[in-house]
There are 2 protein chains.
Amino acid sequence: VDERTGLPIVGMIGAGQLARMTHQAAIGLGQSLRVLAADRSDAAALVAAEVEIGAADDLVALQRFSKGCDVVTFDHEHVPGDHIRALAAAGVSVHPSADALRYAQDKHAMRHRLEQLGVPVPAWRRVNTQAEIVEFADGAGWPVVLKAVRGGYDGRGVWMVDDPQQAQQVLAAQSAAGGELLVEQRVSLRRELAVQLARSPFGQVAVYPVVETVQVDGICVQVLAPAPDLPDDTAVEIAQLAIRLATELDVVGLLTVELFDTPDGILVNELAMRPHNSGHWSIEGARTSQFEQHLRAVLDYPLGPCELTAPAVVMVNLLGPEQEGGQSIDERLHHLFAAEPGVKVHLYGKRPRPGRKIGHLTALGEDLATVRARAERAATILREGTQ
Amino acid sequence: VDERTGLPIVGMIGAGQLARMTHQAAIGLGQSLRVLAADRSDAAALVAAEVEIGAADDLVALQRFSKGCDVVTFDHEHVPGDHIRALAAAGVSVHPSADALRYAQDKHAMRHRLEQLGVPVPAWRRVNTQAEIVEFADGAGWPVVLKAVRGGYDGRGVWMVDDPQQAQQVLAAQSAAGGELLVEQRVSLRRELAVQLARSPFGQVAVYPVVETVQVDGICVQVLAPAPDLPDDTAVEIAQLAIRLATELDVVGLLTVELFDTPDGILVNELAMRPHNSGHWSIEGARTSQFEQHLRAVLDYPLGPCELTAPAVVMVNLLGPEQEGGQSIDERLHHLFAAEPGVKVHLYGKRPRPGRKIGHLTALGEDLATVRARAERAATILREGTQ
């Protein structure tokens, strides 16, 4: 407890944009998020009062950081499970636990556990050799998807391979780096969906509406909330699935379940146990933002309502300018606000570089097509300028 | 401009809750508010990354602080006008200017200027002696209101006096402290209202809906947005008055106009040129919060829409526990969220003390009576606990 305020201290390992936006939410709750940053220029380190510098895989740094925190939680999945167990054994309250987080860190463990639970997932197997990949693909059909078992995010650690030769190239590179792989059927999908919930140590659960995540080259570029044209019974089925997973895996904090919407039904693609890009829309678009909800969950506060604040909410990720030079980011922001004054902008304090995710924006209103057009127009101004 | 982000640096003199919430808004705009704090434990100093310690009336501290800021603005009215002029003369971009801010710092200057502009204000005069007060009161009728010309806020610097003897007591105490007074007719009013707008250097203006401010003992305890049962033509008249004042006084940033709603029409009571308690509802209740709007205004960004996000929004100020001891503030927050999970809480990082304003909360929904009851129930839990 912070003696100055009588309120709890939450420490977050990692200081990227998720920690940055969690700090914003913490301020409202009377707190000041404590962050363990890899670097002074990390997105959250630029704006938080209490910043420690240290590596997320350095146990000594983690132990020092955890001292005085009422709860420790995560901005990313890169903290080794054994380190988390060591903190917990020393009495630190860590949420989610190492046992839960494992299923967001290790795709093999996740796929295996989901199958045990009878949850539909794409066909997959763990592979060590080209022959195993070819054997799998001969059954499932080329192309197939190779995935790094650990460490992938934002389209990294995922490779679409068309033939045995491409498969061998990925395998060789990954083996050289000590990385394990699994191969997965390339699912024929209509679209990608995601559902997010929060769960408290007490076991209370609050589920957000199912959203559609629009992907380009394996990277989420837009989120539509709620997912358009989703049958009610499918939405209920997905919410029940998420609640069951959170409970079975004993998740505390946020859980995001990324889904494939296929002609044959819903498949689970990925799990994340932290604030997630697919939930950024909730800052303005839901009565409780995912960031406040995560804090409430890990602190065992009663959770907030997840209902939408408008019929249609669209989040667009902001990528850095297409080329260096031209209008500055500040000039572009002027033009953006002139064109779309009601769009809500969230910049992460990152130096703009072509293709770099420097922020996101959210638009909301009555009609999805209109809202989406506004959001896209605003994002285009930031990316391309106005000449 | 911050070299790390390419975005402007706004400095705020003063580090209370207004700076704290402005920092939250600045984070979204890719910035990190720089604050000049009187003390490390100030509300904004607890949560901001860039904190300088210094007094708001120390010109050297102000000059040092202003270096590297693209714009300097204010959390309070306590910066001497000559200091602001010295900064501006040295090339610092300060908003609002000393010439505008004067009318929020000096009630005599404000009343005098409003009269020149033909704006209706309560009957008043500047007084130095008991005889002058008695003479005024013999005309206007007892009781009368005495006000400190400078430095009053939140019910301080305002005295209701019933007779010449009470008047003499206030006069003696103020004269001993070197403070000037004015006397004012005690207006028979139906209620108090407020209107807030933002104005940019370019001259763009964005006006929020008129709100009702519920006062107890001269302190604002609740704000109802929009003001219930306000005739449309009165709302328009008030908005036009505010725009005229902002333009005539050349305000840049936020302007709040506090008003008396009397049987004989609308009178102007006070002006403020910074984020204001009567606008806290806008964080969740308006499409653009007053804090983001203030930043957009002082940076000459196009302003955001002021429309409500729900038909009824109620803000309640949170006062510290009625007595020391009992449930901790953290326990009370648990109970508050259990009873009213959808109420949005903003705590300012202040150690709770009886009667101290430690935060505010906002509820919103379809129906004012229901929303207000929810907000009051939640505030009562924080103030009294749950036994």
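Mentor: First, a term. A polar contact is a pair of N or O atoms within 3.5 Å; within protein, one atom must be able to donate a hydrogen and the other to accept it. Keep in mind that this is a predicted model.

Now take Gln196(A). It sits in strand S9 of chain A, residues 191-199. Its relative accessible area is 4%, and the cut-off for buried is under 20%, so Gln196(A) counts as buried. Its side chain has polar partners. One is the side chain of Thr256(A), at 3.2 Å. Another is the side chain of Gln290(A), at 2.6 Å. Beyond its neighbours within four places in sequence, Gln196(A) also touches other residues, including Ala206(A), Val207(A), Tyr208(A), Leu254(A), Arg274(A), Pro275(A) and His276(A).

Next, the cysteines. The whole structure holds 0 disulfides over all chains. For Cys220(A), the nearest cysteine sulfur belongs to Cys306(A) and is 19 Å away. A disulfide needs the two sulfur atoms within 2.5 Å, so Cys220(A) is in none. Cys220(A) is buried at 12% relative accessibility. Cys69(B) is buried too, at 11%.

Move to chain B and strand S1, residues 10-13. In a regular strand the side chains alternate between the two faces of the sheet. Here both faces are covered: Val10(B) and Met12(B) are buried on one side, Gly11(B) and Ile13(B) on the other. S1(B) runs parallel to strand S4 (residues 71-74) of chain B, with 4 bridges. Met12(B) has Thr73(B) as its bridge partner there. S1(B) also pairs in parallel with strand S2 (residues 34-37) of chain B, over 3 bridges. Between S1(B) and S2(B) the chain passes through helix H1 (residues 17-28) of chain B, and the β-α-β crossover is right-handed.

Chain B also has an open, antiparallel sheet of 4 strands, ordered S5-S8-S6-S7. Its edge strands are S5 (124-127) and S7 (158-161) of chain B, each pairing on one side only. Twist averages 25° from one strand to the next. Strand S6 (residues 144-148) of chain B joins S7(B) through 4 antiparallel bridges. Val144(B) stands opposite Val161(B) there. Helix H5 (residues 107-116) of chain B packs on this sheet, touching S5, S6 and S8 at about 145° to S5(B). Helix H6 (residues 130-140) of chain B lies across S5, S6 and S8 as well, at about 165° to S5(B).

Methods
Residues numbered from 1 in each chain as written. Chains lettered and ligands numbered in written order. Predicted model: local features only at pLDDT ≥ 70, side-chain atom pairs only at ≥ 80, totals over all residues. Heavy atoms only, no water. Buried < 20%, exposed > 50% of the residue type's maximum accessible area, 1.4 Å probe, protein only. Helix = DSSP H or I, 4+ residues; strand = E, 2+ residues; numbered from the N terminus. Pairing = 2+ DSSP bridges. Right-handed = clockwise from strand over helix to strand, strands pointing away. Contact = heavy atoms within 4.5 Å. Axes fitted to C-alpha atoms, helices over the stretch in contact; angles between N-to-C directions.
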